[in-house]
Amino acid sequence: DRLRLENELRYAISQNELVLHYQPIVRASSGAVAGVEALIRWQHPTRGLLAPAHFISPAEVSGLIVPIGEWVIQTACRQLRQWQKKFDYPMTVALNLSARQFQHADLVAQIRTAIIESGIDPSTLEVEITESSAMQNAENTIFTLRELKQLGVKIAMDDFGTGYSSLSCLQRFAFSKVKIDRSFMADIESGSVNLAIVRAILGLCRDLRIDVIAEGVETAEQAALLRQENCRLLQGYLYGKPKPFLEVAADHAVTLLGQVHGRASASAAPLAVEKRTVHKPL
Ligand code: C2E
Ligand code: MG
Ligand code: MG
């Protein structure tokens, strides 16, 4: 069964069945889009649109994650450039890297090539890696992260709080961003243990000068609380589910153009309210 999936996946790469969806990351203060995270999907010929949970792990085992990852890097950089041209705005894109890709010697070269070919400013590209991925071969990870940093790419620790969460890890790998795992969003409104954890992460990162994104924000109450705790960046269904490039661009056209002309900065309305009004395709 695994072998069949592997073969299908190999075929999927050649048939362009893989697609990237993008989810907005917004500023807590204004609701304006700061960037997007690229999340892979597989438009399967018979099973429909498949989430990464259905194929990323077998792709890692088989090594197919390397060509898939390269496609993700190229596609995300190219679409980011289109985006930046359209809106004349330094939008950032974040992409996910798995452990296996990190151990692959070509990773830095792949990213460098994609940056050059697309013409993006490297500081508008961000890579996300989970703590457990980083720890799998820590020495090698540190070396690769240093090379990526030299390219000017930003590095974010994904799903923070779910791994070993050795706090020294934050310093050791020189992350520029931390994404608080969405499991901590449950019940934070009611002053739970999760709220204490979120506060601790925010405090630590403030002192270390590391930016924080809260993942999995689903309710206005959670957003208000995170804003009150001075969490600067928010991501979650409240602000939009992952969607195809053109749809996200259309959704956020007004906000993005507004920012370019300095209009959106005064607005404190959540993005969800503004986005209904836009239907302009890219
Ligand atoms: P992640 O990087 O932590 O991505 C966030 C996941 O949470 C996404 O699931 C997203 O759709 C989901 N999410 C976002 N906001 C909310 C919310 O408010 N509520 C809930 N319940 N969920 C929310 P998705 O797209 O299924 O991706 C799952 C994981 O697959 C990602 O977790 C990432 O680790 C991995 N992944 C995705 N794309 C790629 C890729 O291109 N390469 C690699 N290596 N891994 C990828
Ligand atoms: Mg991620
Ligand atoms: Mg995450």
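Start by selecting the magnesium ion (ligand 3): its donors are Asp158 (OD), Asp159 (OD), Glu215 (OE) and Glu215 (OE), at 2.0 to 2.4 Å. Donors here are N, O and S atoms within 2.8 Å of the metal (3.2 Å for Na, K and Ca), and water is not among the atoms, so sites may look incomplete. A word on the setting: this is a predicted model, in which local features need pLDDT of at least 70 and side-chain atom pairs count only at pLDDT 80 or more, while totals for chains, interfaces and linings use all residues. Residues are numbered from 1 along each chain as its sequence is written, chains are lettered from A and ligands numbered from 1 in the order in which they are written, and side-chain values use heavy atoms, leaving out hydrogens and water.

Now colour Asp159 and Glu215. Asp159 lies in strand S6 and Glu215 in the loop between strand S8 (211-214) and helix H10 (220-228), so the pair ties together parts that are 56 residues apart in sequence. Helices (H or I, at least four residues) and strands (E, at least two) are DSSP runs, numbered from the N terminus.

Next, follow Asp158, which bridges this ion and the magnesium ion (ligand 2), 4.2 Å apart.

Then move to ligand 1 and show its shell (residues with a heavy atom within 4 Å of it). The shell holds 23 residues, and the closest are Arg41, Asn96, Asp158, Glu218 and Tyr237. S2 (33-44), H3 (65-87) and S6 (154-160) each supply at least two of the shell residues, with the largest share, four residues, coming from S2.

What lies 3.0 Å from a nitrogen atom of ligand 1? That is a polar side-chain atom of Gln23. A backbone N or O atom of Ile40 is 3.1 Å from a nitrogen atom of the ligand, and a side-chain N or O atom of Asp159 is 3.0 Å from one of its oxygen atoms.

Definitions and conventions:
A polar contact is a pair of N or O atoms within 3.5 Å; within protein, one must be able to donate a hydrogen and the other to accept it, and residues adjacent in sequence count only if both atoms are side-chain atoms.
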